[in-house]
Amino acid sequence: MPDQAQMLKEYIDKKRGAEKPGENSKKGPAPRTVCVTSGKGGVGKSNFTVNFALELAKNGKRVLIIDADFGLSNVDVILGISPKFDLSHVIAKKKHLYEIINEGPQGIKFISGGSGVYDLINLDRNDIDYFFTELGYIENFVDVIIFDTGAGINDNNVQIITASDEVVLVTTTEPPAIVDAYALLKTVIETKRRPQLRLVINKAETVKEAKRIIENFVKVTKNYLKTDIEALGYILEDPNVVKSVKSQKPFTLLYPETPASKNMSGIAAKYLTGKTQEDNSGGIRSFFKRFMN
């Protein structure tokens, strides 16, 4: 089977001679941009991102992860990948976008954001056009783009969250994690743009506990923030998850029959069968336009 990075390079080289900069050649639906975030660190957000991406890939989706957790990247560690380049090299025009894409298991793709995501704010018009052209070409090869953000409330995280089509908020059952998740959600809701919101409870001790936390969180969000957040599911506390992290291999691949893997499979299935907001389908270039605004 031909190397996909080589196929992408050949496609881009061909398109450069046939299209004007910024022209979008994708004829199918634009890829969905999904932000995975959390109110505090230590809730398993990056581990969720990787295994969620793998489950989507198992269901036939072409997935690209962009690690936007500048300085505290965990996606590469979980995947066992050591990227040599990140988005900053593309912005500096030292590399094309296809040259910094790393191949992971199940065919998922991974890009290290580095400082590149936030460098976008300082680009001039010509550089923006160049970067948007690069982004437009990869849309033909991707169905879902997942941004793994940093944890907590800060301007950079809120920018990425509100620029995304959809948001998956990950929290545990611990009160500090729930409070911080609610605070982050409140901050996002107070902005002008409201993405589609989904909730995942991680590391729950029992199904009963998980369902209780989900029910309460959804109810409080509805009553006090006047906002609906979809309950996407829960993942039970599972010792095999810790083992997989130490092995630098995703738990859904290393332990496919473990409870956490089955929970993740159910979450992906619910996500794929759920409804999406009609106005949330602009693709990666629409994401970055919103991000820079």
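## A mixed sheet and the helices around it

In strand E5, Ile 145 is the bridge partner of Leu 64. The model is predicted, so local features need pLDDT of at least 70 and side-chain atom pairs count only at pLDDT 80 or more, while totals for chains, interfaces and linings use all residues. Residues are numbered from 1 along each chain as its sequence is written, and side-chain values use heavy atoms, with hydrogens and water left out. Helices (H or I, at least four residues) and strands (E, at least two) are DSSP runs, numbered from the N terminus.

Start with E5. E2 and E5 pair in the parallel sense over five bridges. Two strands count as paired if DSSP finds at least two bridges between them. E1 also runs parallel to E5, with six bridges joining them. There, Val 36 has Asp 148 in E5 as its bridge partner. Seven of the eight residues of E5 are buried, so the strand is largely enclosed by the rest of the structure. Buried means under 20% relative accessible area, exposed over 50%, and partly exposed in between (1.4 Å probe, protein chains only).

Now widen the view. Eight strands form an open sheet of mixed pairing, in the order E3-E4-E2-E5-E1-E6-E7-E8. Strand E3 (102-103) and strand E8 (230-236) stand at the edges. Each has a single partner strand, so one side of each is left without a neighbour in the sheet. E3 runs antiparallel to strand E4 (residues 109-112), joined by two bridges. Asn 102 stands opposite Phe 110 in E4.

Helix H2 (residues 45-58) touches strand E1 (32-38), strand E2 (63-67), strand E5 (144-151), strand E6 (166-171), strand E7 (196-204) and E8. Contact means heavy atoms within 4.5 Å. The direction of H2 makes about 170° with that of E5. Axes are lines fitted to C-alpha atoms, for helices over the stretch in contact, and angles run from 0 to 180 degrees between N-to-C directions. H12 packs on the sheet too, touching E1, E6, E7 and E8, and its direction makes about 165° with that of E8.

Check the geometry of H12. At 1.5 Å a residue, the 15 residues of H12 (residues 259-273) should span 21 Å, and the end C-alpha atoms are 21 Å apart, which agrees. The expected span is 1.5 Å times one less than the number of residues. Ala 260, Ser 261, Asn 263, Met 264, Ile 267, Ala 268 and Tyr 271 of H12 are buried. Seen down the axis, these buried residues fall within an arc of 160°, so they line one face of the helix. The arc is that of the directions from the helix axis to the C-beta atoms. Lys 262 and Thr 273 are exposed on the other side of H12.

Helix H9 (residues 207-225) has 19 residues, which should span 27 Å at 1.5 Å a residue; its end C-alpha atoms are 26 Å apart, which agrees. Its buried residues include Ile 213, Ile 214 and Phe 217. The buried residues of H9 fall within an arc of 130° seen down the axis, so they line one face. Their cover includes E6, helix H8 (175-189), E7 and E8. The face turned away carries the exposed residues Lys 208, Lys 211 and Glu 215. Just after H9, Lys 226 takes a positive phi of about 55°.

Finish at Glu 134, in helix H6 (residues 125-138). At 1% relative accessibility, Glu 134 counts as buried. Its side chain joins that of His 96 in a polar contact of 3.1 Å.

Definitions and conventions
A polar contact is a pair of N or O atoms within 3.5 Å; within protein, one must be able to donate a hydrogen and the other to accept it, and residues adjacent in sequence count only if both atoms are side-chain atoms.
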